[in-house]
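Please look through the sequence and the model below before reading on.

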Amino acid sequence: MSRGAVCLIVGCVYAALTCGCTGKPAPPAHVAVQQSTRQPVSRSALQPVALPDLSDAATTVAAQLRDQYAALTAKINDPATTGTDLATAYGEMGKLLMAAEYRDAAEPYLLDAQALAPDQPRWPYFLAHLYRLRGETTKSAASFERALEIKPDDGATLVWLGNAFLDLGRPDAAEPLFMKAQSLQPRAAAGVFGLGRTALARRDYRRAVAYFEQTISLEPQASIVHYRLAMAYRGLDRLEDADTQLRQKGDRDVSPADPLLDELAGAVHSEFAYEHLGVEALNRRDFPAAVALFRRGVELAPNDPSMRHRLGMALALSGNGPAAAAEFQEVLRRRPNFASTHYTLGLLIAANGRYGEAIEQFKAAVRSNPSYVEARLQLAETLRRSGRARDSLPHYEQAATLDPRLADAPLGYAMALVSLTRYADARDRLSESLARYAGRPAIAHALIRLLAAAPDNRIRDGSRAVAMAEAQLAQEPPNPDLGEAMAMAMAETGRYDEAVVWQQQAMAIAERAGRVDVSKRMAENLALFQHHQPCRKPWRDDAPVSADGPSF
């Protein structure tokens with residue numbers, strides 16, 4: 001079926017949906033126009049409004065609400081105020097109350113704005129979100145439908161209404177909305193994710209998998225998708241794939257681009273609003289905007305360590321390491337035991353090769369929070385990479401105990417054993433981990449390298465290394481780390497010409513991926529293979545644990 005035909009079908013289904021979703025035929029065009037035209041109400045019919053108790057509000061927020069209410073009161077008392085201006089004044093007051101989380105108080109203001117300006121989509125749209133936040137899904141869907149009737153091609157409204165229909169158990173009503181949203185914005189993830197949720201609700205697991213995988217490709221940071229994808233894999237009895245996805249699940253949601261919600265988040269001049277907007281800017285990788293927003297938050301809440309910590313993070317991500325370090329140091333001056341700042345400052349220092357200072361920061365982080373698994377793991381990593389492999393072992397063990405799902409801990413432990421020339425112990429540790437962490441190729445890569453290049457000839461097993469590498473090649477896309485592991489295995493079995501080819505291919509892949517530094521390091525092994533010499537070093541001493549495994 002052609003794309004045009006699909007769009008025509010979607011449009012027809014959508015037209016039927018917006019006429020009440022009852023399955024009845026759509027009314028003639030002139031009738032639909034009459035139904036969508038609403039007349040403003042008289043001022044006497046408006047709902048009474050009042051300010052809520054602001055005694056618990058932040059000083060800046062309370063002052064902003066009182067000023068906005070005074071401006072509204074002046075417009076109400078001015079006979080020259082037009083209906084449109086009055087609608088805006090009511091709506092802005094309702095929006096401000098909603099942003100400050102006075103949701104019950106906000107409702108009558110937004111209803112009055114909607115009544116005064118019935119052809120303005122923003123007021124039913126804000127009402128829909130207010131009802132959504134209060135858990136009133138039926139009322140939320142009705143308001144989204146009203147907003148969509150006024151502005152039929154709004155992508156955010158299509159997605160939010162589709163989500164509401166799914167929450168109401170109506171996947172058939174949701175699907176055409178998501179399809180239209182995707183057709184309007186093909187590179188946006190929210191519509192595709194909605195289609196995946198719809199397919200999952202119908203137990204159409206194959207389509208759900210396809211949509212969720214597409215969502216992840218469009219928005220890799222959306223960690224919430226992994227749980228849904230795991231459920232779809234379970235429906236197909238692909239249990240290993242499901243477990244792999246469950247290990248990656250998180251709470252980063254998929255939302256449509258939504259200027260009105262962004263406007264709502266920025267309505268209140270509070271540290272919470274700036275923190276929310278700053279996080280949103282970080283998520284879309286707009287680091288300069290995040291820096292500016294977190295700075296405004298710090299101005300309002302200079303003693304809030306979390307806000308200043310986020311500012312430091314944004315500065316680091318924008319490439320301003322010295323300014324980031326200064327903010328982190330200021331956090332620690334005010335809150336010496338703020339574990340996450342010790343951890344992040346340690347990462348920043350370690351990236352500059354100052355391992356001794358970084359170790360002290362990671363130690364401080366785990367002293368403040370002994371269950372801080374990321375800090376414990378980085379402490380172990382930095383100790384190993386700085387030549388203190390023996391000291392790293394207990395920290396790797398503690399990290400593995402804190403989170404048994406963490407494959408990096410046993411991998412780092414094995415790498416530390418290699419640094420201590422305990423090759424047999426490293427081989428056994430990697431072999432044990434191979435079955436437990438089947439979804440992590442890094443374990444297999446490390447074992448292949450060890451079998452191919454261990455300095456102890458009692459540990460080397462070139463034939464097993466080649467067989468393992470061939471098995472991994474059937475499961476993974478081409479990548480530099482596995483390619484080099486295969487080259488090392490080939491060299492160990494005396495197949496030097498093939499080792500050269502594999503190494504050159506791995507270097508080319510690294511260069512195409514922009515990893516020129518990796519390609520240059522790999523040239524050392526290439527020279528060995530070209531001279532018919534095997535490699536006798538599984539990886540460099542300071543190799544980090546990575547998703548692909550230790551690199552040479």
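This is a predicted model: local features need pLDDT of at least 70, side-chain atom pairs count only at pLDDT 80 or more; totals for chains, interfaces and linings use all residues.

Residues are numbered from 1 along each chain as its sequence is written, and side-chain values use heavy atoms, with hydrogens and water left out.

A nonpolar core here is a set of buried Ala, Val, Leu, Ile, Met, Phe, Trp, Tyr and Cys residues joined through side-chain atoms within 4.5 Å. Buried means under 20% relative accessible area, exposed over 50%, and partly exposed in between (1.4 Å probe, protein chains only). The largest such core has 59 residues, and Leu 411, Leu 430, Ile 448, Leu 450 and Phe 529 have the most contacts inside it. Helix H25 (residues 441-453) gives the most to this core, ten residues; helices are DSSP runs of H or I, at least four residues, numbered from the N terminus. Setting aside neighbours within four places in sequence, Leu 430 is in contact (heavy atoms within 4.5 Å) with Leu 411, Ala 414, Ile 443, Ala 446, Leu 447 and Leu 450. A second, separate core of 41 residues includes Tyr 211, Leu 229, Leu 246 and Val 254.

Two loop residues other than glycine have positive phi. Glu 101, in the loop between helix H4 (83-99) and helix H5 (103-116), has phi near 70°. Glu 101 counts as exposed because its relative accessibility is 58%. Thr 421 lies in the loop between helix H23 (408-419) and helix H24 (423-436), and its phi is near 60°. With a relative accessible area of 52%, Thr 421 is exposed.
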